[in-house]
Amino acid sequence: MNAPNQSGWKPEMQVAENGFMSGPVTTTGNRALMLEEPLLFEIGRADVTGVDLPPVDANAPSRLGGLARSEAIGLVGLTEPETVRHYTRLSRQNYGIDLGFFPLGSCTMKHNPRLNEKVARLPGFADIHPLAPQNAVQGALEVISQLGEWLCKLTGMPAVAMSPKAGAHGELCGILAIRAAHEARGDAREVVLVPESAHGTNPATAAFANYRVEDIPATPEGRVDVAALKARLGPDVAAVMITNPNTCGLFEKDFREIADAVHAAGGYVYCDGANFNAIVGKVRPGDLGVDAMHINLHKTFSTPHGGGGPGSGPVVLSEALAPFAPLPFVRKDEGGTFYLVEEENREERGPSFGRMTAFHGQMGMFTRALTYILSHGADGLKQVAEDAVLNANYILRSMEDILHAPFGASGPCMHEALFGDKDFTNGLSTLDVAKGLIDEGYHPMTVYFPLVVHGAMLVEPTETESKAAIDQFITAFRAVVERALAGDEALKQAPYYSPRRRLDETAAARKPKLAYEG
Amino acid sequence: MRYLPLTDTDRQAMLAKIGAASVDDLFVDVPEVARLDGPIHGLPMHASEMAVERHMKALAAKNLVAGDVPFFLGAGAYRHHVPASVDTIIQRGEFLTAYTPYQPEIAQGTLQVLFEFQTQVARLYGCAVANASLYDGSTACWEAVAMATRVTRRKRAVLSGALHPHYAQVVKTMAHFTGDEIADAQPAITPEPDLDGLIARIDEDTACVVVQYPDILGRISDLTPVADAAHAKGALLVVVNTEPVALGAIRSPGEMGADIVVGEGQSLGVGLQFGGPYLGLFAVRDPKHVRQMPGRLCGETVDAEGKRGFVLTLSTREQHIRREKATSNICTNSGLCALAFSVHMTLLGERGLRELAAENHRLACLAADRLAQVPGVEVLNTAFFNEFTLLLGGKPARQIVRDLADRGVLGGVSLGRLYPGVKALEHALLVAVTETTTEEDIEALARELEASIKETV
């Protein structure tokens with residue numbers, strides 16, 4: 001491929017070594033603002049510190065019981081200016097929402113408002129201890145209570161468990177509540193049904209709670225096969241776990257019918273709420289027969305993803321499951337004082353299945369999420385869902401003439417548009433398109449998920465992108481897809497312009513090097 | 001609305017492209033019964049930044065800020081000074097607003113940080129390999145037990161009585177559902193932990209023995225005999241640490257023979273935050289156990305041009321590949337807290353961590369000596385790092401803690417709060433001292449404790 005493609009891209013101009021376009025190789029390996037940064041352990045020193053502390057007094061009294069460290073730990077330190085520079089340089093090798101469009105499907109990479117950050121850092125929230133006497137932390141308990149109330153109202157559910165630390169932890173909470181509810185009525189059920197399009201966390205969670213997992217197939221239109229599901233229901237099925245909107249980006253229109261059938265068979269309905277952003281303020285899962293659903297505060301409610309957490313996964317619960325909610329939880333007494341129900345409140349704790357984490361959940365995420373929710377209000381949140389869905393449909397309809405959209409005929413999508421690699425030629429794959437988008441300045445979409453679509457590309461724009469930004473993305477996405485359709489060999493080597501080219505993941509796994517040696 | 005860039009003109013143009021008359025046409029698949037006709041009733045409408053900030057500030061003002069009073073709480077969450085540069089670094093948008101590094105070519109920042117973090121944690125713990133973090137210490141503790149059952153193919157875990165009771169609760173909650181057997185116990189109020197008693201509980205069916213170091217009463221002891229006894233029976237030793245600063249002063253768990261070391265990393269970089277988000281640390285001493293570890297792992301490799309780079313690796317253990325056969329259901333970890341921990345640890349370095357630990361211990365010794373002079377008060381521990389247990393001469397510690405709060409001193413964590421209903425522990429108070437504690441704070445606690453004890457029946 002030497003001819004420029006339709007977007008005017010000439011691969012040979014860019015790959016030339018020392019040619020006019022790529023410039024000379026530099027002594028440092030740096031390229032202007034693209035700066036290489038050594039490992040901390042290559043630049044730090046054992047005797048350097050960036051914190052001023054009194055020197056160790058070898059003669060100071062010690063009550064360490066003869067366990068004082070004799071060996072070096074093997075740590076190294078940097079002064080403050082070196083530290084700031086090390087991490088600032090590293091940060092510039094990262095893509096974040098603040099830099100550009102980040103359409104990672106099912107992850108809801110929306111703007112993270114800075115008011116959230118400011119509020120979470122108020123000393124009244126940031127500098128309070130989880131075991132402080134409860135009369136000293138009434139405001140914290142009230143935050144948990146207020147956020148819980150919002151989550152219940154937004155989902156149309158009567159109760160919420162606030163302590164789960166992330167989405168997968170929330171799933172575990174819901175499944176444990178379901179197991180506890182079955183146990184309470186002496187009903188030993190062994191099976192959890194999970195659609196094949198589900199997030200991997202669903203079957204992993206059910207297995208962790210000692211259930212046997214069985215797959216439920218999808219229909220050709222990308223929804224749960226209701227007939228197959230109904231046929232499998234029976235006295236051994238404890239629950240079904242369904243994502244709605246599902247991972248194909250579609251609303252499960254038969255959800256209510258599924259829920260009724262599951263309930264009639266004595267099971268419970270777990271809804272994976274990862275995609276709640278599509279329906280927040282528009283649809284209440286409680287109206288669809290859900291028994292438990294986790295809410296990723298780091299998706300729908302804008303708390304930062306932080307390079308892989310921390311998340312937060314409160315779980316809303318139906319009347320049937322609410323009594324089994326984990327400890328601790330917040331209540332208000334008649335005098336308006338908030339208090340925690342913990343192990344000791346034997347009557348009030350009822351049949352709770354117990355504690356899932358040491359303290360009260362992700363308080364730092366609660367303050368951010370509540371700030372976000374109050375900013376939007378009921379009207380703003382409805383607009384969030386509408387704009388998120390509008391943006392996704394706009395991308396779907398702007399791409400489907402050139403890119404295979406397996407469920408494009410199944411009606412509107414919700415907050416994410418799903419594509420497949422069916423028409424790519426010359427061995428080009430979804431991975432190549434993703435890497436080509438990196439060169440165009442975008443974070444790629446989710447790739448190879450859901451598993452039900454070959455070479456899946458799941459694009460979730462969220463509501464916080466402007467039309468101009470989405471149009472620009474569509475132009476770039478179309479250009480890269482055209483190269484894949486045309487079999488552009490050069491795309492197989494992309495990305496060219498990122499801080500690193502394609503990384504050898506096979507070598508990394510074959511001989512794992514998981515810590516610095518030396 | 002300030003976070004929504006689309007204008008009505010944009011929306012109309014986009015609907016035209018889609019071929020829909022209104023946005024409601026995009027929700028046609030929602031069944032009639034579940035469609036709402038407008039914003040959900042009974043909830044407030046959108047609000048300005050100023051109004052929201054005012055609301056949240058009013059809530060924050062209802063809390064007693066740790067830094068505003070003499071403060072001595074610990075029990076798994078410690079108040080340390082976090083250097084200013086930590087927070088400015090974690091607020092860089094490239095770190096704050098990135099996600100799990102699924103596309104390593106544009107996530108080398110996060111990945112290199114994780115590689116450095118894993119190295120720091122492994123060295124601190126005296127282990128070969130650490131993962132890229134878990135939710136918190138308590139969930140990491142359960143993950144360690146679960147891993148031990150996989151490695152040994154046994155189903156029984158023996159918990160030391162001096163393991164943080166909330167950690168023990170988490171383990172018991174999970175084990176109830178997985179069918180694992182948990183042998184737990186309550187702490188005996190003795191100057192030194194009863195390791196012989198613990199060793200006697202290890203048998204041929206034991207997958208692991210779980211010991212906290214320093215323990216819930218602040219006591220420290222050499223765990224080598226426990227490691228030897230566990231290994232002799234084919235069991236693993238899991239050591240739990242809730243105060244990483246301690247390991248700047250005392251021997252590492254790995255050095256004493258621990259097979260899995262887990263803990264809470266909150267002390268460094270993270271702050272109290274009413275209990276979360278925190279940072280679960282997880283490491284193994286023997287590299288052969290790596291493939292049984294839970295959570296994300298970052299590894300070194302090279303790119304197509306031969307340059308060093310980093311990727312998430314060994315993901316065949318994980319849920320997104322292995323689904324129901326995964327080693328854990330964990331997906332998101334505690335990435336930003338791991339960054340904060342790592343930056344703080346970088347600022348400290350070997351020298352700073354040792355100095356920080358020494359300063360904590362110096363002040364804790366000072367406090368223990370001063371508080372022992374309060375009539376009716378006795379220090380339980382023979383050995384401790386920065387936290388110790390006071391016996392209050394038969395006075396109920398929980399009531400005294402509340403009374404101290406009314407007197408403007410956050411005086412510690414009562415064992416009555418941690419072990420409700422256990423008579424033998426009602427009169428004990430756990431006191432933590434860090435570099436943020438001043439000699440005036442210690443004097444204030446001694447003074448108010450004396451007054452409170454006198455007035456408490």
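## Briefing: core, interface and helix packing

Skipping residues up to four places away in sequence, L317(A) touches M157(A), A159(A), V160(A), A161(A), A177(A), A292(A), A322(A) and A325(A), where contact means C-beta atoms, placed from the backbone, within 7 Å. Bear in mind that this is a predicted model, in which local features need pLDDT of at least 70 and side-chain atom pairs count only at pLDDT 80 or more, while totals for chains, interfaces and linings use all residues. Residues are numbered from 1 along each chain as its sequence is written, with chains lettered from A and ligands numbered from 1 in the order in which they are written.

**Core**

- L317(A) is also one of the residues with the most contacts inside the largest nonpolar core, which has 323 residues; the others listed are A177(A), V209(B), V210(B) and V238(B).
- A nonpolar core here is a set of buried Ala, Val, Leu, Ile, Met, Phe, Trp, Tyr and Cys residues joined through C-beta atoms within 7 Å; buried means 20 or more other C-beta atoms within 10 Å of the residue's own, with C-beta atoms placed from the backbone (12 or fewer is exposed, in between is partly exposed).
- Helix α12 (residues 363–399) of chain A gives this core its largest share, 20 residues; helices (H or I, at least four residues) and strands (E, at least two) are DSSP runs, numbered from the N terminus.

**Interface between the chains**

- On the chain A side 176 residues are in contact with 168 residues of chain B.
- The largest share of that chain A side, 22 residues, comes from α12(A).
- By class, the side of chain A that touches chain B splits into 88 nonpolar, 53 polar and 35 charged residues; Ala, Val, Leu, Ile, Met, Phe, Trp, Tyr, Cys and Pro count as nonpolar, Asp, Glu, Lys and Arg as charged, and the others, Gly among them, as polar.
- L348(B), found in helix α11 of chain B, has contacts in both chains: beyond its neighbours within four places in sequence, it meets T49(A), V51(A), G77(A), L353(B) and L356(B).
- With 27 other C-beta atoms within 10 Å, L348(B) is buried.

**Helix pairs in chain B**

- Helix α6 (residues 137–152) of chain B packs on helix α7 (residues 165–178) of chain B at about 45°, axes 9 Å apart; axes are lines fitted to C-alpha atoms, for helices over the stretch in contact, and angles run from 0 to 180 degrees between N-to-C directions.
- That angle makes α6(B) oblique to α7(B), oblique being whatever is left once under 35 degrees is roughly parallel, over 145 roughly antiparallel and 65 to 115 roughly perpendicular.
- The α6(B)–α7(B) crossing is right-handed, meaning the near helix is turned clockwise from the far one by less than a right angle (anticlockwise is left-handed).
- Their contact has 7 nonpolar, 4 polar and no charged residues.
- Helix α5 (residues 108–125) of chain B and helix α11 (residues 335–372) of chain B cross at roughly 60°, their axes coming within 9 Å.
- This pair, α5(B) and α11(B), has a left-handed crossing, and by class the contact has 7 nonpolar, 4 polar and 1 charged residues.

- The peptide bond from N244(A) to P245(A) is cis, omega near -10°, and P245(A) sits in the loop between β4 (237–243) and α10 (255–264) of chain A.
- F449(A) and P450(A) are also joined by a cis peptide bond, with omega about 0°.
- T108(A), which isn't a glycine, has a positive phi near 50° and is buried, with 27 C-beta neighbours inside 10 Å.
- Q273(B), a non-glycine too, has a positive phi near 45°, in the loop between β6 (260–264) and β7 (280–284) of chain B.

Conventions
Contact = placed C-beta atoms within 7 Å.
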